[in-house]
Amino acid sequence: MMINNQDVIKFLEKAAGKIKENKEFLTQLDSAIGDGDHGINMDRGFSKIMSSIDTLRDKDIGTILRTCSMALISTVGGASGPLYGTAFLYASKSLNGKFEIDMNELLEALKAALEGIQMRGKATEGEKTMIDAIAPALRAFEEKLKSGGTPVEILEATVAAAKKGVENTVPMKATKGRASYLGDRSIGHQDPGATSSYLIFEAMLETLKEKV
Amino acid sequence: MKKIINKPEDVVKESVEGLGLAWSEIVKVNYEPMFVYRADAPVNNKVAIISGGGSGHEPMHAGFVGYGMLDAACPGEVFTSPTPDQMYEAAKKVHGGAGILFIVKNYSGDVMNFEMAADMLKAEGIDVENVIIDDDVAVKDSLYTQGRRGVGTTVLAEKICGAAAEKGYDLKKLAELCKKVNGWGRSMGMALTPCTVPAAGKPTFELAEDEMEIGIGIHGEPGRERMKIKSADEITEMLAEAIIEDLPFKEGDEVLAFVNSMGGTPEIELYIVYRKLYKILESKGIKIARKLVGRYITSLEMQGVSITLLKLDDELKELWDAPVKTPALRWGI
C-alpha cells in the first residue's frame with residue numbers, strides 16, 4: 001500500500017481534529033508542569049494549517065509538509081512551535097516532489113523529524129519531553145516494518161509504543177523545558193508535548209485504517 | 001475570570017494597538033507579523049537591539065522601544081514566546097547596517113524562536129548576536145535544568161545596551177557589554193497570588209489565602225518554597241539574602257537596586273520593600289548608587305514583588321544615566 005498526498009491531507013485534518021478535541025486536556029496537563037498553554041497553542045497552529053488546506057490538495061507531499069512547518073513556526077510560539085515546525089520541515093526534505101511514498105520512505109521522514117526535534121531542543125530520551133513518545137514509537141515502527149507487518153500493523157505498533165512512552169513520562173523528572181524548574185515536583189505528571197505527539201501518531205493510524 | 005478585555009484572542013493585538021496610539025511619536029506597530037518598532041527606524045550605523053517574549057509582562061518589552069533602549073520588540077501571545085517571523089521581519093525593518101543584537105530571556109521557547117530567526121537573518125548576511133539573560137537565583141540545580149530564568153536584569157540590560165548602542169558601540173562590544181550586565185545582575189521574586197492567562201480563563205496555579213511562593217517565575221512557575229505569608233521586612237530579607245550571597249555582592253560594591261511589582265502589588269508596598277532593602281545593603285556596606293522602583297516586568301495581575309541587584313562600575317553608571325525616551329522609561333531628554 002502506498003501513501004499519497006490525499007492521505008497526507010486526511011492525516012492533517014485528523015490531527016487538527018484531535019488537537020482541537022484535546023485542547024483543554026493538553027492545556028490542563030501543561031498547567032500542572034508548564035505554563036498552561038500547550039493545547040491553546042497547538043490548536044492555533046493546526047487551525048492555521050486547516051485554514052489553507054484547500055490550497056494544498058494538489059501539492060506534493062514535501063510541499064504540503066513544508067507549508068505546515070511554516071504555519072506552525074509562525075503561529076504556535078512557545079517551544080512547541082519551533083519543535084513541531086522543525087519536525088515537519090525535516091520530514092519534508094526527503095519527500096519533495098513526491099506524490100506517493102511507501103512505508104520505508106515514511107519511516108525515513110519520521111526519523112528526520114525526530115532528528116530535527118533533537119537538534120532544535122537539545123534533549124534526549126528520558127528528559128520528560130515529546131522525544132519520550134516519538135523515539136520508542138519509531139523503534140516500534142522500524143521493528144514491525146522489518147518483520148514484515150502490514151502498514152496498519154506497523155502504525156498500530158507505533159501508536160502503542162507512543163502511548164507507552166507517554167505513560168513512561170509520568171514518573172520522570174523533567175530536565176528540559178519549562179517543567180524542569182519544578183525539579184522533583186514534575187514527577188507524577190504526564191508530559192503534554194509527549195501527549196500531543198501521541199495524538200499525531202494516532203491520526204496517522206486512523207488515516208491508514210480508513211484507507212484499507 | 002474578571003478582566004477588562006473584549007475577546008481573549010484579541011488581548012495582545014488590541015493592547016499593542018493602544019500602545020501605538022498612545023505613543024505614536026515614539027513607536028510604530030507592525031501587525032503582520034506583529035512587532036513594535038522605533039518611529040525613526042532604521043537608525044543608520046547603529047546596532048539595532050531587538051527583544052521580545054510572551055506578552056503579559058508589560059511594560060516589558062514593547063514599553064521599552066524608543067531612543068536609548070530597544071529598536072524593536074516582538075510580543076508573543078500571553079506567556080508564549082513570539083515566532084521567528086516576527087523577529088525576522090522586525091530585524092529587516094530596524095537594521096541600520098551595523099548588525100542586530102537579540103536580548104533573549106532564558107526560556108526554551110524564547111531561545112529556540114530567536115535562534116531560528118538568527119539563522120534566517122545570518123543566511124541573508126546580516127550579523128546577529130544572541131545574548132541570553134539568566135539572572136533568577138531562585139532556580140537551583142541550574143546545571144540540570146533549562147538553567148536560570150531571565151527576569152529583572154533584562155530590563156536593566158535593555159536600558160544599558162540601548163545607551164551603548166546610541167554611543168556607537170559595535171555589535172561585538174555591545175554583546176560583550178550585555179553579557180557583563182547579565183553576569184553582574186541577580187534577581188529573585190515572590191508572589192502572593194497567581195494570575196490568569198485570558199485565553200485559559202483560570203489561574204495558572206493555586207495559592208491559599210495565607211500562603212506565598214518564594215522564588216516565583218514571571219509565568220507563575222514555582223520557586224524555591226511555598227510558605228505561610230510573612231511581613232514585608234522578612235520577605236525582603238529572604239529575597240535580598242539569596243541574591244546577595246549568590247554573586248556574591250560584597251562590602252564596598254556599588255549597585256543598582258531594582259524593586260519591581262509583579263503587576264498587582266501597589267507602589268505603597270514597593271517602597272516598604274525598598275526601605276528594608278536599603279537598610280540591609282547599608283548594613284553590609286553595599287552602596288545603592290542607582291535605583292529603579294515600579295512596575296516594569298510583570299506577570300499580568302499577579303501580586304508580588306521582585307528584587308534585582310546589579311553591580312555597577314563607571315561604564316554601567318554612565319550608560320544608565322544616559323538619556324532614554326520610551327513609553328515606560330524616560331529621562332534626560
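How much space lies in the second largest cavity? In this predicted model, local features need pLDDT of at least 70 and side-chain atom pairs count only at pLDDT 80 or more, while totals for chains, interfaces and linings use all residues. Residues are numbered from 1 along each chain as its sequence is written, chains are lettered from A in the order in which they are written, and side-chain values use heavy atoms, with hydrogens and water left out.

The second largest cavity holds about 70 Å³ of space. A cavity is a set of points, on a 1 Å grid over the protein atoms alone, where a 1.4 Å probe fits but cannot get out, and lining residues have an atom within 4 Å of a point. Grid points are joined across faces, edges and corners, and a volume is the space filled by probe spheres set on the points. Among the residues lining this cavity are D136(B), S187(B), N260(B) and S306(B). Strand β7 (residues 185–191) of chain B gives the largest share of the lining, 3 residues; strands are DSSP runs of E of at least two residues, and helices runs of H or I of at least four, numbered from the N terminus. The cavity lies between domain 1 (8–184 + 321–331) and domain 2 (185–313) of chain B, because both give residues to its lining; the domain bounds come from an automatic or database domain assignment.

The whole structure contains 2 cavities of 30 Å³ or more.

Notes. 1 Å grid on protein atoms, 1.4 Å probe; cavity = no way out; pocket = protein on both sides within 12 Å on 5 of 7 lines; lining within 4 Å.
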